[in-house]
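Here are a few notes to read alongside the fold.

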Amino acid sequence: MIQFDFTGKTVLITGGSRGIGKSCAQLFAGANANVVITYKSAKAEAEKIVRELGTPGLHAAFALDVAQPSMIESVWQKILQQYNSIDILVNNAGIFTEHKILETDFRRWQDAWQQTLATNLVGVSNLCFFAARHMKEKGGGKIVNISSRGAFRGEPDHPAYGASKAGLNAMSQSLAIALAPHNISVGVIAPGFVETDMAKEYLEGEEGERIKRQSPLNRVASPEEVARAVAVFASNGTEFMTGGIIDVNGASYLRS
Ligand SMILES: NC(=O)c1ccc[n+]([C@@H]2O[C@H](COP(=O)([O-])OP(=O)(O)OC[C@H]3O[C@@H](n4cnc5c(N)ncnc54)[C@H](OP(=O)(O)O)[C@@H]3O)[C@@H](O)[C@H]2O)c1
């Protein structure tokens, strides 16, 4: 297993109350980082995770709806007051709402697009806005954005999700170019299906076995495997990966 070391670094992970964000929090805390997780509504779960990370007072959880720009600004400032520095930002929070074009009424269609883009794309851009200024001032940093295989493969039942992740890829690559002169790396992790709440309904439903067979490994990813890819990008010494999109999909979809 790869050994990571984030001693002295503070990492902010959005959507850390479960799934991939929780695994990232566990990995970074295990590698000596100060870990700040955010959650939208799962306060008790997030606080439990912080307790389980150990070292009371070192790690913290903050409520943050990333779809609300004013909340991002105020929570960002609160975290900085407490930790002085944010060295690594992991934009992980996301939603995956079904809205099949021929089966969804127009109001629900608009809601799905509005909420998905506000959370998965615009929310990330707003966190990057504050991170870029802060990291420039302190001489560098790492931003890791969690995208999806769906950006490339298509999401017929979740088109706003596919569009939000394709937009996230393009935004991340643009920011990688803009921020490289300031020693700020921006990278993307693009998982296929991962064993979390987000995918549960599909993995446990009648499509579950077919979904696993999409990979020649005949399974989906664990959240820990995705967290390890995040940590590779966030480590010192991998700066030349900036602008890259790392697939974590078990060869279930090979893009050229
Ligand atoms: N699971 C997969 O198969 C899969 C595949 C490819 C990519 N991904 C991506 O990986 C990331 C994490 O997914 P996951 O599977 O770990 O999801 P998950 O288990 O559904 O957890 C989602 C997390 O995001 C938070 N969240 C949702 N909406 C938010 C908002 N508006 N503001 C702040 N936080 C919000 C949730 O907080 P609460 O608990 O408080 O609601 C939760 O912590 C997402 O970006 C997702 O698109 C997942």
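1. Seven strands make up an open sheet in the order β3-β2-β1-β4-β5-β6-β7, and the pairing is parallel. Here strands (E, at least two residues) and helices (H or I, at least four) are DSSP runs numbered from the N terminus, and two strands pair if DSSP finds at least two bridges between them. At the edges sit β3 (60–63) and β7 (245–248), each pairing on one side only.

2. This is a predicted model: local features need pLDDT of at least 70 and side-chain atom pairs pLDDT 80 or more, while totals for chains, interfaces and linings use all residues. Residues are numbered from 1 along each chain as its sequence is written, and side-chain values use heavy atoms, with hydrogens and water left out.

3. Strands β1 (residues 10–13) and β4 (residues 88–91) run parallel and are joined by three bridges. In this pair, V11 stands opposite I88 of β4.

4. Helix α1 (residues 19–30) packs on the sheet and touches β1, β2 (34–39) and β4; contact means heavy atoms within 4.5 Å. The direction of α1 makes about 170° with that of β1 (axes are lines fitted to C-alpha atoms, for helices over the stretch in contact, and angles run from 0 to 180 degrees between N-to-C directions). Helix α2 (residues 43–53) lies across β2 and β3, at about 170° to β2.
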